[in-house]
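Open the model in your viewer and keep the sequence panel beside it.

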Amino acid sequence: MSDQEPPGWTPPQQPPPTEPPTGESPGWPPPPPPPPPPQQPTQQWGPPPGPSAYQQYGYPGYAGPRKTEGNAIAAFVLAICAFIVCPLIPAIVALFLASSAKRNIDASNGALDGAGLVSAAKIIAWINIGFVVLGIVLAVVLIIVAAATSDTSNSFTSVQALVGTSA
């Protein structure tokens, strides 16, 4: 690079030196003015007017996620467990818990969630109760058929005859 100045360039102009007024030292700016007296703080954000639901941190007016009804969760879990454990009792308890959860969700005016869990628990519980009733009816029919077809043979051969296998 060269030490030549580009065409049209001029060095910056320096202001002429001035003498400081009496009582001030050169190079120091004047002191800032005193701060204003303290004012009453004003609240910029606050809860919305009227009754409010559970307010969390975040944007103003944002109520946060809704809480899931506990009975809805319990009903759903019991309805599923009814397929694994004792089939009839948990399904009936799930139906009662689901109806209780539905009442609580409706009474909360949107503060509680879980209507989908309630519907799923009712459907699963009724399907399980249907399977139990179907199994009881099938067992009774098998017993009646076995009793009607047995002369002196045992009931095992009667069931085999009903199913269609030979001994």
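At roughly what angle do the axes of α1 and α2 cross? Select both helices and look. The model is predicted, and in it the two axes cross at roughly 160 degrees. They come within 8 Å of each other. An angle over 145 degrees counts as roughly antiparallel, so α1 and α2 are roughly antiparallel to each other. The crossing of α1 past α2 is left-handed.

**Stop 1: where α1 meets α2**

Show side chains on α1. Pick N71, A72, A74, A75, L78, A79 and A82. These meet a set of residues in α2, among them P90, A91, V93 and A94. Further along α2, the partners include L97, A98, S100, A101 and N104.

**Stop 2: α2 on its own**

Now hide everything but α2, residues 89–107. How many residues does α2 have, and what should they span? There are 19, and at 1.5 Å a residue they should span 27 Å. The C-alpha atoms at its ends are 28 Å apart, which agrees.

Color the buried residues of α2: P90, A91, A94, L95, A98, S100, A101 and I105. What covers them? Bring back α1 (70–84), β2 and α3 (115–149), which are included in the cover.

Next, step past the end of the helix. N109 follows α2, and its phi is positive, near 55 degrees.

**Stop 3: α1 beside α3**

Select α1 and α3. Their axes also come within 8 Å, but here they cross at roughly 25 degrees. An angle under 35 degrees counts as roughly parallel, so α1 is roughly parallel to α3. Again α1 makes a left-handed crossing, this time past α3. On the α1 side, the contact is made by A72, I73, A75, F76, A79, I80, A82 and F83. On the α3 side, look for L117, V118, A120, A121, I124, A125, I127, N128 and F131.

**Stop 4: A82**

Zoom in on A82, in helix α1. Is A82 buried or exposed? Its relative accessibility is 0%, so A82 counts as buried. Leaving out residues up to four places away in sequence, A82 touches P87, P90, A91 and N128. Now draw a distance from A82 to A125. They are 43 residues apart along the chain, yet their C-alpha atoms are separated by 7.5 Å.

**Stop 5: the salt bridges**

How many salt bridges does a search of the whole structure find? It finds two.

Select R66 and D113 for one of them. The closest N and O atoms of this pair are 3.3 Å apart. R66 sits in the segment before β1 (67–68), while D113 is in strand β2 (residues 112–113), so the bridge ties together parts that are 47 residues apart in sequence. R66 has 47% relative accessibility and counts as partly exposed. D113, at 32%, also counts as partly exposed.

Then select D106 and K102. Their side chains meet in a salt bridge, with 3.9 Å from N to O. Where do these two lie? Both are in helix α2, four residues apart, or about one turn of the helix. D106 counts as partly exposed at 47% relative accessibility. K102 counts as partly exposed too, at 36%.

**Last look**

Show α1, α2 and α3 together. α1 is roughly antiparallel to α2. α1 is roughly parallel to α3.

Key: Residues numbered from 1 in each chain as written. Predicted model: local features only at pLDDT ≥ 70, side-chain atom pairs only at ≥ 80, totals over all residues. Heavy atoms only, no water. Salt bridge = Lys/Arg side-chain N within 4 Å of Asp/Glu carboxyl O. Buried < 20%, exposed > 50% of the residue type's maximum accessible area, 1.4 Å probe, protein only. Expected span 1.5 Å × (residues − 1). Contact = heavy atoms within 4.5 Å. Axes fitted to C-alpha atoms, helices over the stretch in contact; angles between N-to-C directions. Parallel < 35°, antiparallel > 145°, perpendicular 65-115°, else oblique. Left-handed = near helix turned anticlockwise from the far one by under 90°.
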